[in-house]
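Let's work through a few exercises together, one step at a time. Keep the sequence and the 3D view open while you read.

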Amino acid sequence: MIIAERKPFAEIKAMVAPYKKILIVGCGTCVAVCLAGGEKEVGLLASQLKLALGLEDKRLEIGEITVERQCDLEFLRPLCDFTADYEAIVSMACGAGVQFLKQLCYLQPIFPGLNTSFIGVNNEAGFYTERCRACNNCYLGVTGGICPVTMCPKGLLNGPCGGTIQGHCEVDPEKECAWSKIYHRLELEGSLDKIREILPLHPHDRGTSPGTVIHPAFKRRYGAHE
Amino acid sequence: MSKLRETLAAGAFAVVVELKPPKGTAVTEMLAPVSALKDRVAAFAVPDNEHARMRLAPVAAARLVQDAGGEPLVHLTCRDRNRLALESDLLGAAVLGLENLLLVSGDYVTLGDHPQAKPVYDADSVQLLQIVQGLMAGQDSAGHPLNGNPGFFPGAVVIPEADPLAPQLLKFEKKVTAGAQFFVTPPVFDLEKFRLFREQLPLNPVKLLAGIKVLGAEEAALAAAGQWRQVYSLPPDLVGELAGKEPEEVLMLGVAAAGRLLKQIKEEKLADGVYLKAKGRTDLLMKVMEEAGL
């Protein structure tokens with residue numbers, strides 16, 4: 001899922017300072033799971049803003065709403081009429097959600113309430129770690145289920161760099177060296193041969209942004225989009 | 001033909017001396033060891049933004065070394081260039097007559113003096129060796145033909161004390177397959193560990209240059225404080241010998257230790273040569289060579 005963190009309060013407060021009536025839109029999927037932008041966090045931000053501005057004798061009217069997913073038109077469309085009453089919107093979604101919401105509600109300024117961090121996993125509540133860089137060329141079948149593009153800071157495809165110290169990474173000594181782990185896993189599997197071949201240069205053209213994926217069924221139905 | 005290649009091919013003991021490209025345009029100090037040692041060493045290595053700290057470009061520095069009468073060994077790191085930049089810099093090196101290459105992944109940017117820079121690593125060091133092979137054979141990494149092929153003597157790095165060692169050896173084999181002609185190691189202080197590493201090396205014709213380093217006061221202090229975090233270890237007796245000494249005294253003891261190690265590596269034929277790091281200082285470099293009887 002997408003992992004995000006809320007922006008510092010002072011930054012959000014400064015963004016909404018020129019307005020008298022704002023809407024905070026939460027997102028009920030990834031960022032709700034990582035405790036950054038779900039319904040609870042929307043309520044918390046609204047309260048913080050009211051309190052902080054109240055102390056400065058300023059008044060800010062805040063609407064709150066959380067949709068299932070801001071990255072999905074199905075859930076965003078019903079919001080359009082609702083947002084018309086507000087001067088500005090704070091989206092508590094990932095960067096994709098913020099942009100999609102603005103695409104629909106294009107009359108008001110929109111501000112991100114979060115910094116989007118990475119695609120990662122929920123180890124346990126409050127502890128999230130990165131696993132995927134969405135490179136569009138998955139190596140996991142070769143590298144024992146550990147992504148060298150993501151888990152090695154240098155994204156090296158052919159083995160460890162020279163900085164491994166006691167199996168740990170030169171960049172962050174708290175983290176294990178991805179290539180030490182890849183080697184160990186494949187050794188246990190008895191499939192070290194998988195990494196004896198030299199992997200060629202990564203096809204970065206496959207990751208040219210902005211990416212588009214069109215499902216074959218969509219192509220069949222709407223051939224004109226091909 | 002490169003003097004380094006000739007020396008190694010002839011089975012003679014090769015001494016490579018590392019220079020310190022300046023952070024700025026004042027090059028006199030960097031070039032001082034060249035005029036003093038050009039007749040006594042095989043090559044002068046020019047690091048490429050070593051430790052991810054921005055310094056004079058290695059290809060330009062190497063050309064100055066050449067003009068001063070020395071033979072350069074140009075480092076090229078994958079950290080700062082994508083494949084286009086790597087290839088065009090390699091062609092640039094070739095037309096300037098620079099043949100010896102040391103191809104490395106490169107220390108990560110956050111460890112250096114521009115921690116917010118974008119790390120590139122479009123190629124890794126194995127792939128960079130392949131790129132070099134491709135250029136020498138007349139085509140770029142996208143398969144396009146070249147108009148004039150460069151000639152290089154490509155080398156790479158291997159870590160004798162890597163922990164774990166097996167993944168490092170796997171990468172070493174890939175580097176050999178990708179055309180590495182010689183290998184440079186990080187500084188060697190523990191000869192017993194180095195001997196063990198040599199025994200584990202697969203039999204192949206590639207040449208090995210053992211790293212020799214003159215330790216400084218900062219490094220001695222780190223080691224004495226138990227904060228040594230490098231890919232090579234320091235024997236406790238050496239750490240004890242350097243502990244609490246004045247900086248110049250540490251350097252002199254460091255010179256003596258480096259000289260002893262160099263001499264022993266040469267006498268025992270533990271390597272085909274050495275890669276000598278002494279802060280780019282002519283006086284230290286000369287003393288080490290004197291101590292080693294070179």
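**Exercise 1: the neighbours of one strand**

In chain B, strand β3(B) runs parallel to strand β4 (residues 100-104), and 5 bridges join them. The model is predicted, so to speak: local features need pLDDT of at least 70, side-chain atom pairs count only at pLDDT 80 or more, and totals for chains, interfaces and linings use all residues. Residues are numbered from 1 along each chain as its sequence is written, while chains are lettered from A and ligands numbered from 1 in the order in which they are written.

*Task.* Find which strands pair with β3(B), and describe how the chain crosses from β3(B) to β4(B).

*Solution.* 
- Step 1: Recall the terms. Strands (E, at least two residues) and helices (H or I, at least four) are DSSP runs, numbered from the N terminus. Two strands pair if DSSP finds at least two bridges between them.
- Step 2: Look at β4(B). There, B:Val104 is the bridge partner of B:Thr77.
- Step 3: Follow the chain. It goes from β3(B) through helix α4 (residues 83-95) of chain B to β4(B), a right-handed β-α-β crossover. Right-handed means that, with the strands pointing away from the viewer, the path from the first strand over the helix to the second runs clockwise.
- Step 4: Turn to strand β2 (residues 43-46) of chain B, which pairs with β3(B) in the parallel sense over 3 bridges. B:Phe44 stands opposite B:Pro72 of β3(B).

**Exercise 2: the barrel and a helix pair**

*Solution.* 
- Step 1: Trace the barrel. It is closed by 8 strands in the order β1-β2-β3-β4-β5-β6-β7-β8, with parallel pairing.
- Step 2: Strand β1 (residues 14-18) and strand β8 (residues 273-277) of chain B pair in the parallel sense over 4 bridges, and B:Val15 stands opposite B:Val274.
- Step 3: Compare the helices. The axes of α5 (residues 125-136) and α6 (residues 166-177) of chain B come within 9 Å and cross at roughly 10°. Axes are lines fitted to C-alpha atoms, for helices over the stretch in contact, with angles from 0 to 180 degrees between N-to-C directions.
- Step 4: Conclude. The crossing makes α5(B) roughly parallel to α6(B), a label for angles under 35 degrees.

**Exercise 3: between the chains**

*Task.* How many residues of each chain are in contact?

*Solution.* Contact means C-beta atoms, placed from the backbone, within 7 Å. By that rule, 24 residues of chain A are in contact with 29 residues of chain B.

Technical notes. Contact = placed C-beta atoms within 7 Å. Parallel < 35°, antiparallel > 145°, perpendicular 65-115°, else oblique.
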